[in-house]
Amino acid sequence: MGSGWHEWPLVIFTVFGQCVAGGFIVLALALLKGNLNAEQQQRLVLSMFGLWVMMGIGFIASTLHLGSPMRAFNSLNRVGASSLSNEIASGAIFFAVGGLGWLLAAVKKLPSGLRSLWLVVTMVLGIVFVWMMVRVYNTIDTVPTWYSVWTPMSFFLTMFIGGPLLGFLLLRIAGVNGWAMRLLPAVSLLALVISAIVALMQGAELATIHSSIQQASALVPDYGSLMSLRIVLLVAALVLWIAPQLKGYQPALPLLSLAFVLVLAGELIGRGVFYGLHMTVGMAIAS
């Protein structure tokens, strides 16, 4: 019982992975559709290094959950049959294809035609990776707090909240302005509104889920306050991001960095609540 932070390696792995997948999509679309000159494109490619650092941190955290890095290799033994194996395999492929392509592009060894293919393939792999994360939790019908539409919605909403801001931050680091950057805050804002609605509806549903010995609403007694804190942090991040643009200028990099830290903090809290809602009994019913 509590906030679910005892599963912190998985909290970090899933949140970081989803933000990276969303951030990569933003940068890939900028490279494909942004009409950037060669110098801007190269700076943007170099800024992608931040994505792979985050992805590396996420994978290191995931191995800590397994107890030993060698167990990560063992978990790949049932690819195709096990949701966990599929998640790790899809994440590893996304990381490998994205990272290798980035390295070749960074040293200018990736032909322009192949670069477009790499960007499209890696975007698809990122989406598949997030979906495989969902499948780990959304296929367990004996855990009714996870076996619902709220799980895929929450996971993909993290991608749509954190990804655009991460992408925007890296675009600014690369010195890229314009393109569709004004659209990115709108995407995150819409995702935040939907996420707040999901939190409210899930909170109401928890009161209807119980087993013979356990009430779902008692799993995280501070559900309301934790989710409220999460929303406050996300709103604060969006204010820091959007307010300067409403005044006609781009937010400074320190402000954007703080905004992204607030988003990470908010989503880590939300994901901790998700793990805290795991029901440990074999059978449960929704009334």
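Which residues form a nonpolar patch on the surface?

1. Surface patch. This is a predicted model. The nonpolar surface patch consists of Leu 189, Val 193, Ile 197, Leu 200 and Met 201. Together they present about 470 Å² of accessible area.

2. Leu 189. This patch member sits in helix α8, which covers residues 183-206. Its relative accessible area is 41%. Leu 189 is therefore partly exposed, since that class lies between the 20% limit for buried and the 50% limit for exposed.

3. Nonpolar core. The largest nonpolar core counts 89 residues. Phe 24, Met 48, Leu 51, Trp 52 and Leu 171 have the most contacts inside this core. Helix α1 (residues 8-33) supplies the largest share of it, 16 residues. In general, nonpolar side chains tend to be buried together in soluble globular proteins.

4. Leu 51. Setting aside residues up to four places away in sequence, Leu 51 touches Val 20, Gly 23, Phe 24, Leu 27, Leu 166 and Leu 170.

5. Contacts of Ala 237. Neighbours within four places in sequence are left out here. Ala 237 is then in contact with Ala 259, Leu 262 and Val 263. Leu 262 lies 25 residues from Ala 237 along the chain. Their C-alpha atoms are separated by 5.6 Å.

Definitions and conventions. Residues are numbered from 1 along each chain as its sequence is written. This is a predicted model: local features need pLDDT of at least 70, side-chain atom pairs count only at pLDDT 80 or more; totals for chains, interfaces and linings use all residues. Side-chain values use heavy atoms; hydrogens and water are left out. Patches are made of residues with over 30% relative accessible area and no salt bridge: like charges are joined within 9 Å, nonpolar side chains (Val, Leu, Ile, Met, Phe, Trp, Tyr) within 5 Å. Accessible areas come from the Shrake-Rupley method with a 1.4 Å probe; for residues, only the protein chains shown count as cover. A salt bridge is a side-chain nitrogen of Lys or Arg within 4 Å of a carboxyl oxygen of Asp or Glu. Helices (H or I, at least four residues) and strands (E, at least two) are DSSP runs, numbered from the N terminus. Buried means under 20% relative accessible area, exposed over 50%, partly exposed in between (1.4 Å probe, protein chains only). A nonpolar core is a set of buried Ala, Val, Leu, Ile, Met, Phe, Trp, Tyr and Cys residues joined through side-chain atoms within 4.5 Å. Contact means heavy atoms within 4.5 Å.
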